[in-house]
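Colleague: Thanks for making time for this. I would like to go through the labels on your model one by one and hear what stands behind each of them.

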Amino acid sequence: MAELDHLLLDPTRLAIVSLLAAAEWAEFGFVRDSVKLSDSALSKQVTTLSKKDYVEVRKGYVGKRPRTWLNLTDAGRDNLAGHISALQTIAEKARSDGAQQPRDQTVP
Amino acid sequence: MNEPTPEEAATALRAVREGKEQVIRSALGSQWIWIGSGLIVFFYCTAVDLFPTASPWLTWPVVAIVLVGVVGLHTRAGSTLLGRPVRVSDRSLPLTFAWRLLRVAPVLGLGIVALAVSLLHLPHGGIYFGALAGLYIMFLSPRFQLWLLRRQDRD
């Protein structure tokens with residue numbers, strides 16, 4: 001059975017990683033607006049994720065404006081896939097337990 | 001480490017799905033890019049139909065614009081310049097033949113129409129074809145892309 005990833009139990013970090021999982025790369029501003037965080041709050045989460053090798057940060061310029069792009073590493077993708085699988089197991093188990101319970105109650 | 005409750009797990013899974021949907025919606029970029037591309041195709045086809053002798057020197061700028069656009073959308077800086085802050089990952093796109101065919105179906109369809117127009121020698125067929133291709137690019141192509149990207153996880 002896949003295991004939960006303790007780093008992704010934080011809803012904000014899960015939201016950032018989920019967003020990046022669907023993308024090859026995304027601009028810092030896009031991620032900030034999507035997960036509704038301030039620049040500094042996102043920066044802090046990205047630092048945590050990049051230290052653990054979940055997220056790669058690239059900096060560059062468009063014209064004279066500095067830009068930052070984020071992408072999920074292969075390790076980050078693998079960890080997210082395992083985490084999602086573990087979450088699905090929990091949700092499905094609860095569903096099947098819930099479906100079983102009324103039947104059990106009717107049996108004398 | 002505390003295991004999430006089933007409700008928390010369901011909420012987290014919903015957040016994962018919402019993240020994907022946000023990326024897909026944003027990946028289509030600015031509507032003006034689609035409208036501009038459709039207009040370029042329409043004006044190019046119209047110009048070639050009305051002034052066939054000018055076709056060689058009309059083709060090169062259009063090819064250059066298309067190349068710059070395609071290469072630009074594959075780079076971070078170019079994509080940002082074109083108003084697309086995110087590039088959708090194609091890692092989860094199925095690799096089956098049916099899927100590959102579906103992805104190129106509109107291009108194949110337009111190719112067949114272009115062939116039919118040229119074989120039938122319709123008067124000003126190029127203009128009709130340009131209008132059809134332009135309208136497709138402006139209005140239907142973004143919807144088709146969205147439909148394709150949303151469908152990928154179901155297959």
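Modeller: Happy to. Let me begin with a term: helices are DSSP runs of H or I with at least four residues, numbered from the N terminus. In that sense Trp60(B) lies in helix H3 of chain B. Please keep in mind that this is a predicted model.

Colleague: Why is Trp60(B) called exposed?

Modeller: The cut-off for exposed is over 50% relative accessible area. Trp60(B) has 63%, so the residue counts as exposed.

Colleague: How far is Gly38(B) from Ser141(B), in sequence and in space?

Modeller: They are 103 residues apart in sequence, and their C-alpha atoms are 9.8 Å apart in space. Ser141(B) comes up again at the largest pocket, where this serine is one of the residues that lie nearest the centre.

Colleague: Good, let us go there. Which residues lie nearest the centre of the largest pocket, and how many line it?

Modeller: The lining has 40 residues, and Trp34(B), Val70(B), Leu73(B), Ser141(B) and Gln145(B) lie nearest the centre. The volume of this pocket is about 1,600 Å³. Two or more lining residues come from each of these elements of chain B: helix H2 (31–50), helix H3 (55–73), strand S1 (86–88), helix H5 (97–120) and helix H6 (125–151). H6(B) gives the most, with nine residues.

Colleague: What classes make up the lining of the largest pocket?

Modeller: There are 28 nonpolar, eight polar and four charged residues in the lining.

Colleague: Still in chain B, what makes Ala10(B) partly exposed?

Modeller: Partly exposed covers what falls between the buried limit of 20% and the exposed limit of 50%. Ala10(B) has 29% relative accessibility, and therefore counts as partly exposed. Its place is in helix H1 (residues 6–27) of chain B. Between Ala10(B) and Arg76(B), the C-alpha to C-alpha distance is 34 Å, at 66 residues apart in sequence.

Colleague: How do you know that His121(B) is exposed?

Modeller: With the limit at over 50%, the 69% relative accessibility of His121(B) makes this histidine exposed. His121(B) sits in the loop between H5 and H6 of chain B. Its phi is positive, about 50°, although the residue is not a glycine.

Colleague: Which residue of chain A has a positive phi of about 65°?

Modeller: That is Asp53(A), again not a glycine. Asp53(A) lies in the loop between H3 and strand S2 (55–62) of chain A. At 45% relative accessible area, Asp53(A) is partly exposed.

Colleague: What is the order of elements in chain A?

Modeller: From the N terminus on, they run α-β-α-α-β-β-α, with four helices and three strands. Buried residues make up 44% of the 108 residues in chain A. Among its contacts with a separation of 6 or more, 54% join residues 24 or more positions apart.

Colleague: Why are H1(A) and H3(A) called roughly perpendicular?

Modeller: That label covers angles of 65 to 115 degrees. The axes of helix H1 (residues 11–21) and helix H3 (residues 39–51) of chain A cross at roughly 75° and come within 11 Å, so the two are roughly perpendicular to each other. H1(A) brings Thr12(A), Arg13(A), Ile16(A) and Val17(A) to the contact, and H3(A) brings Leu42(A), Gln45(A), Thr48(A) and Leu49(A). By class, these contact residues are four nonpolar, three polar and one charged.

Notes
Residues are numbered from 1 along each chain as its sequence is written. Chains are lettered from A and ligands numbered from 1 in the order in which they are written. This is a predicted model: local features need pLDDT of at least 70, side-chain atom pairs count only at pLDDT 80 or more; totals for chains, interfaces and linings use all residues. Side-chain values use heavy atoms; hydrogens and water are left out. Axes are lines fitted to C-alpha atoms, for helices over the stretch in contact, and angles run from 0 to 180 degrees between N-to-C directions. Angles under 35 degrees count as roughly parallel, over 145 as roughly antiparallel, 65 to 115 as roughly perpendicular and the rest as oblique. Contact means heavy atoms within 4.5 Å. Ala, Val, Leu, Ile, Met, Phe, Trp, Tyr, Cys and Pro count as nonpolar, Asp, Glu, Lys and Arg as charged, and the others, Gly among them, as polar. On a 1 Å grid over the protein atoms alone, a cavity is a set of points where a 1.4 Å probe fits but cannot get out, and a pocket is an open set with protein on both sides within 12 Å along at least five of seven lines; lining residues have an atom within 4 Å of a point. Grid points are joined across faces, edges and corners, and a volume is the space filled by probe spheres set on the points. Buried means under 20% relative accessible area, exposed over 50%, partly exposed in between (1.4 Å probe, protein chains only).
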